Amino acid sequence: MMLSSIQIEKSPAGQSHIHESARAQVAGQAVYIDDIAEIQGTLYAAPIMSKVAHGNIVAIHTNKAYALEGVCEVVLANDIPGDAIFAAFAHDEAIFAKTKVEYIGQVIGLVVAKSVSIARRAAQLVELEIEELPAVLEVKQALAQQNFVLPPVNVKRGNPELGFEQSAHILHGELEVGGQEHFYLEGQIAYALPQEQNTWLVYSSTQHPGEVQHWVAHALGIHNNQVTIECRRLGGGFGGKETQAGHMAVWASLAALKTKAPVKLRLDRDEDFMITGKRHPFSYEWKVGFDTNGKINALQLMMAAHCGFSADLSGPVADRAVFHADNAYFLENVEINSYRLKLNTQSHTAFRGFGGPQGVIVIETIMGDIARHLQLDPLAVRKLNYYGTTERNTTHYQMEIEDNILLPLTLQLEQSSQYQERRLAIQQFNDHSPIIKKGLAITPVKFGISFTATLFNQAGATVHVYTDGTVQVNHGGVEMGQGLHTKVCQIAADTLGLSLDQIRITPTNTGKIPNASATAASAGTDLNGRAVQFAARNIRDNLAAFVAGLDGCGAGAIQFSNNQIHSPSKSRNFAEVVGMAYANRIQLWSDGFYRTPKIHYDKTTLSGRPFYYFAYGVACSEVAIDTLTGENKVVKVDILYDAGNSINPAIDYGQVAGGFVQGMGWLTTEELVWNHKGSLSTHAPSTYKIPTLGDIPTDFKINFWHEANPEDNVFGSKAVGEPPFMLAISIYEALRDAIANAKRSTLSSNSPPTKRHVQNQMNTKSLIQLRTPATPENILKSLGQLK
């Protein structure tokens, strides 16, 4: 049989396949941790939380809690046999507050009872005597007192002072950007089961099982090999379960240790809001110098990350904000000062983009203000400042950009979205609409892909082929709805020439793949997919050598496709060959390991090549605002995204759409409000508003840029989890454009202009102060109608 005559079906990789759990999820059969059948004798824990933002603990009275029928134990700091501090890198957060509390919601202990309702009721009966201390809640106060969770960071390139001297124009500005609640559908949960010989099995809703394993062992005072963490899937994570899921697992395990029984801890939505960290709010001050065309000569930028009471992941989050403060733009003379502020609030943590959005939004704000100051098209100013391809192509952290497609990507979207024609149409609309004003903006994203901590850029996997020809895959990544497991199965199927229904994924388990990195940084498929590919290749090579021996040909002549293995002389069913190979004692399983090449990074200087490659995208958004009420609506969105050779276009489409809408929520509706005592007032769906179906524009187009990743990434694909989030900044810039149009109309409708009037009009066009999220109240403030 000639190989040229074989009809090879389309590869499983590169095609749209439904999510591997989709049918089970629709049927209600997909098992999450709260669905796992409970072992007889399981108890339930509820947190005892501080109601004071800062204070010394004088006494904890538990008598009333113990008196409630069904209460088994109260677990406090004295019950911790291991280290009483979480095993985080900064080692600065108590497992249970013992001598002092540092935010409202901090966990002081647990009540363990025979039902969830009893545990929660009893937790409210614990009486806390706390000597209240002054709380630091304001950014200016924290800066003045140098109240930091980590030391400040300074990055400088070129000579900003000289750049300012040579600038025709200089602008100063400030910006306040709010945080964001993760609002995963499945809340934080852990189920701890003591096993024989002081070993432990913990089901944890976590993005980082390996870290949870370490944390639990650290708290229990045992070795890592005595703890197994398992997770089949998350009901959403978005970064909120990268470190902070570890808290639940540690707390549940300590409760199980004291009661000698399995313990489940599941936070309700209010508790989750009050206890866990959010996306970091940021405060900025900036000064920019530029020429008459809008090209930036110099930039000084102060970024203050509101970190909360402990470091958590604030260091790398704030670092990535520094890395992405350039976004798409070459900054020849720049100085960035990054402060990591300690405030008496929840300890903020990872969130989709991991500091990237907080870096991108400030430079996009500056671009918009430069354009308005010069009365130029903001898109023209952006394109003028883009990185080049052979020059002006080195970042402020000394990484050369080798794959820059920013300009062709932008030009294609500018044409396909009819940007220029719509700008004219919007101007005409605004001229005849006294109340409703429209705005339009195109903004790009250039997002670095890799963990900035180089050691995390590694992954392992195992692939097992059974004697019936079916395949089981396991890797260290976590499925949280993003389609990681689906893509990994496609990669395994493609490598072995099998149909997708022959591949089965198994739960992520620290007993199978040790020391796995978090599923984060948009690198889940890049790392774990490649590890699975390597493992599957090893098995394929074993089978190819076996078949080559049977048919007297070279192993390189063997092909795998259509559930068959083909030699130049014969085609055999895959399962048939596997059975024969097993009988001949050929290894039918393998492990795979992958480490990202090329990357290096000096944390002390924030320089090097922290990213393997960049993912690019560009979005055009049109909005309308009501100048009387501040209400706003996203009218139309066009997105062009660089996914490389997509492994699963349908899943990638969903990630782009979902990321964009989540970004839209961050910038428009999702407002976190702490009162003057430090209590989070927006701690439930009644007061915290994520986008709904009605907020999504009916005209919403997503297209992909079809070009393979120039780096040797799995199947030539690119990451798609985080970069689309930042494309929603186009909405923020479109809102500022609409506000500028409204102010321009107001000024032009007044009496004939004087010289002072013209100067005021130019200043009004320049700096549009709009705090995020752009709620109706904040839009009215920006319009000058509220103080």
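A: First, the setting: a compact globule of 787 residues would have a radius of gyration near 28 Å, and the protein chain has 28 Å, so the two agree (taken over C-alpha atoms, with the globule rule being 2.2 Å times the number of residues to the power 0.38). This is a predicted model, where local features need pLDDT of at least 70, side-chain atom pairs count only at pLDDT 80 or more, and totals for chains, interfaces and linings use all residues. Residues are numbered from 1 along each chain as its sequence is written, and side-chain values use heavy atoms, leaving out hydrogens and water.

The chain has 21 helices and 29 strands (DSSP runs numbered from the N terminus: H or I of at least four residues for helices, E of at least two for strands). Now to S27, residues 613-626: 14 of its 14 residues are buried, so the rest of the structure largely encloses it. Buried here means under 20% relative accessible area, with a 1.4 Å probe and protein chains only.

Side chains in a regular strand alternate between the two faces of the sheet. In S27, Tyr613, Gly617 and Val623 are among those pointing one way, while Phe614, Cys620 and Glu622 are among those pointing the other.

S27 has partners, too (pairing takes at least two DSSP bridges between two strands). With S16, residues 436-449, it pairs antiparallel over 14 bridges, and Gly439 sits opposite Val623. Nine bridges join S27 to antiparallel S28, residues 632-641, where Lys636 faces Glu622 across the pair.

Definitions and conventions
Buried means under 20% relative accessible area, exposed over 50%, partly exposed in between (1.4 Å probe, protein chains only).
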